[in-house]
Amino acid sequence: MNLDTLIRILFARRLIILGTALTVIALAVLITLLTPKLYLASTDLIVDGKSQDPVSGLSTPTRLMAGYLVTQAEIIRSRNVANKVINQSMLMNHTELVRELKLPDDEPRRRKALINYLDKGLVVDSARESNVLDIGFKARNPALAAQIADTYAQAYIQTSLELRIEPAKQITRWYDQQLALLRTGLIEKQEALSAYQEKHDILVTPDRLDLESAKLAELSSMLIAAQNERLNNTTRNNQITGANRGALPAQALDNPQVQRLSGELAQARAKLSDLLTRVGENHPQYRQTQGEVNSLNAQLAQALRFINGSVRSSVELSQSREEQLTAELAAQKERVLQFSRNRNELTLLQQEVDNSQAAYDAALARATQTKLESQVALTDISILNTAVTPSRPTTPRAAMNIVLGTLAGLLLGVALALCREWMDRRVRNTQDIEQGLSLPVLAYLPSAAGSPLRSFFSNHKFFNARFTNHRSFTNHRSSTKGVMQ
């Protein structure tokens with residue numbers, strides 16, 4: 001089938017095409033008239049992608065607007081926002097909607113029906129590469145459509161604010177609980193620190209241990225001095241004891257009296273020895289000198305006994321002093337060690353108090369900031385344009401319906417015409433004759449009144465005959481060969 005054949009078929013079947021097109025157009029007009037008129041009112045919102053923290057003043061990271069706007073559109077379509085719209089617009093008792101939707105008397109079922117109504121009429125759109133959200137609503141009443149669109153915008157802003165503030169409120173409640181626990185722990189640790197200081201009589205002075213350590217060093221020095229003094233006294237006592245036994249000379253002693261007596265005794269002994277040589281033992285002078293020697297020996301022995309007793313007392317006193325200093329040194333050493341242990345324990349308790357105080361201060365600062373954030377009623381969404389009551393219905397669109405009905409009718413008419421042609425095929429030009437009879441057309445007689453082809457068809461009844469199937473067409477072809485020749 002070529003274009004000329006198609007045009008001839010469509011022209012021949014023009015009544016079918018025209019009738020079908022008119023029928024479809026009539027149906028489109030009827031549907032347009034029967035469809036209730038809906039009015040679309042829309043509110044424009046702008047979403048700021050670069051928001052700023054109202055408490056700290058820091059800029060938050062820029063959001064990916066494509067995904068963010070899709071999320072916001074889902075929030076607008078949520079049941080939470082729909083319930084707010086129903087409550088704020090008082091749709092539960094709206095007379096027109098009750099009559100239009102035939103709402104049931106049961107409140108849960110009525111609310112559910114209204115949520116379905118709002119979901120069907122809601123239109124949310126976002127412009128590409130833009131931060132603007134368009135909230136539209138379709139309704140039979142234009143004023144109601146504008147009211148619901150504006151209410152949707154307000155409910156969405158309120159819900160967005162709640163979604164932003166509610167986590168901060170939850171965190172604030174959690175911080176309040178943690179602050180109570182931290183405060184209790186801090187008080188317990190402070191009380192433990194105070195009790196420990198009171199129990200061990202610890203003054204809050206950082207140099208107390210240093211003072212005790214200095215005292216320990218002083219006692220250690222005194223003990224060394226006492227030990228040296230004891231050793232000196234013991235040595236002197238041993239020297240005196242040896243002198244009494246004749247082991248040591250009297251000159252070895254440091255006492256002036258002993259030294260004088262020792263000198264006099266030595267002179268007397270020398271004189272006695274000289275007299276023994278010159279005059280003999282029975283000489284009066286010898287006997288006098290012998291009495292002097294005995295007297296000096298007695299005086300020296302008495303002096304040595306006195307010095308020995310004094311030195312022995314010094315030794316005993318030195319030993320007593322050494323023992324006392326040793327005991328005091330041991331006690332001071334234990335005191336220093338105890339102070340050191342107390343200071344270490346006190347340091348640990350103080351560190352626990354400091355750590356608890358730092359944790360409490362950090363939690364308090366964060367809780368204060370979170371509490372401020374939960375009380376700041378700011379959002380990054382603002383209304384750009386409020387809804388205007390529409391003057392013309394959005395649907396149905398009569399002109400578009402008629403145009404679409406016309407196109408659909410023409411296409412359907414053409415399809416029906418081709419189907420009709422396929423079921424009831426006719427010969428319409430010379431090509432059909434050549435294809436049907438497998439014989440060439442040698443000539444045709446033109447008609448003066450019309451086109452040659454139409455005259456040819458009208459002068460030969462054969463060409464107006466219908467060939468309903470291939471067998472009848474083949475029989476006609478065999479009987480017509482003679483005529484064509």
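## Close-up views of a predicted model

**View 1. Arg-110 and Asp-105 form a salt bridge.** Arg-110 is buried, with a relative accessibility of 12%. The side chains of the two residues meet with a distance of 3.7 Å from N to O. The structure shown in this and the following views is a predicted model.

**View 2. Glu-162 and Lys-84 form a salt bridge.** The closest N and O atoms of this pair are 3.2 Å apart. The bridge links distant parts of the chain, as Glu-162 belongs to helix H7 and Lys-84 to helix H4 (residues 79-89), 78 residues apart. Lys-84 has a relative accessibility of 12% and is therefore counted as buried, the cut-off being under 20%. Glu-162 is partly exposed, at 33%.

**View 3. Glu-74 and Arg-77 form a salt bridge.** Here the closest N and O atoms lie 3.5 Å apart. Glu-74 is partly exposed, with a relative accessible area of 49%. Arg-77 is also partly exposed, and its relative accessible area is 36%. In the whole structure, a search finds seven salt bridges.

**View 4. Four strands form an open sheet.** The strands follow the order S2-S3-S1-S4, and their pairing is antiparallel. At the edges are strand S2 (122-126) and strand S4 (381-385), each of which pairs on one side only. On average, neighbouring strands of the sheet are turned by 30° against each other, direction ignored.

**View 5. Strands S2 and S3 run antiparallel.** Strand S3 covers residues 132-139 and is joined to S2 by five bridges. Within this pairing, Val-123 has Gly-136 in S3 as its bridge partner. In general, the strands of a sheet pair through backbone hydrogen bonds.

**View 6. Helices H6 and H7 lie across strands of the sheet.** Helix H6 (residues 107-121) lies across S2 and S3, and its direction is at about 120° to S3. Helix H7 (residues 142-199) lies across S2, S3, S4 and strand S1 (39-47). The angle between H7 and S1 is about 25°.

**View 7. Ser-356 is a buried residue of helix H10.** Helix H10 spans residues 284-375. The relative accessibility of Ser-356 is 12%. Leaving aside residues up to four places away in sequence, Ser-356 touches Leu-186 and Lys-189.

Methods:
Residues numbered from 1 in each chain as written. Predicted model: local features only at pLDDT ≥ 70, side-chain atom pairs only at ≥ 80, totals over all residues. Heavy atoms only, no water. Pairing = 2+ DSSP bridges. Helix = DSSP H or I, 4+ residues; strand = E, 2+ residues; numbered from the N terminus. Axes fitted to C-alpha atoms, helices over the stretch in contact; angles between N-to-C directions. Contact = heavy atoms within 4.5 Å. Buried < 20%, exposed > 50% of the residue type's maximum accessible area, 1.4 Å probe, protein only. Salt bridge = Lys/Arg side-chain N within 4 Å of Asp/Glu carboxyl O.
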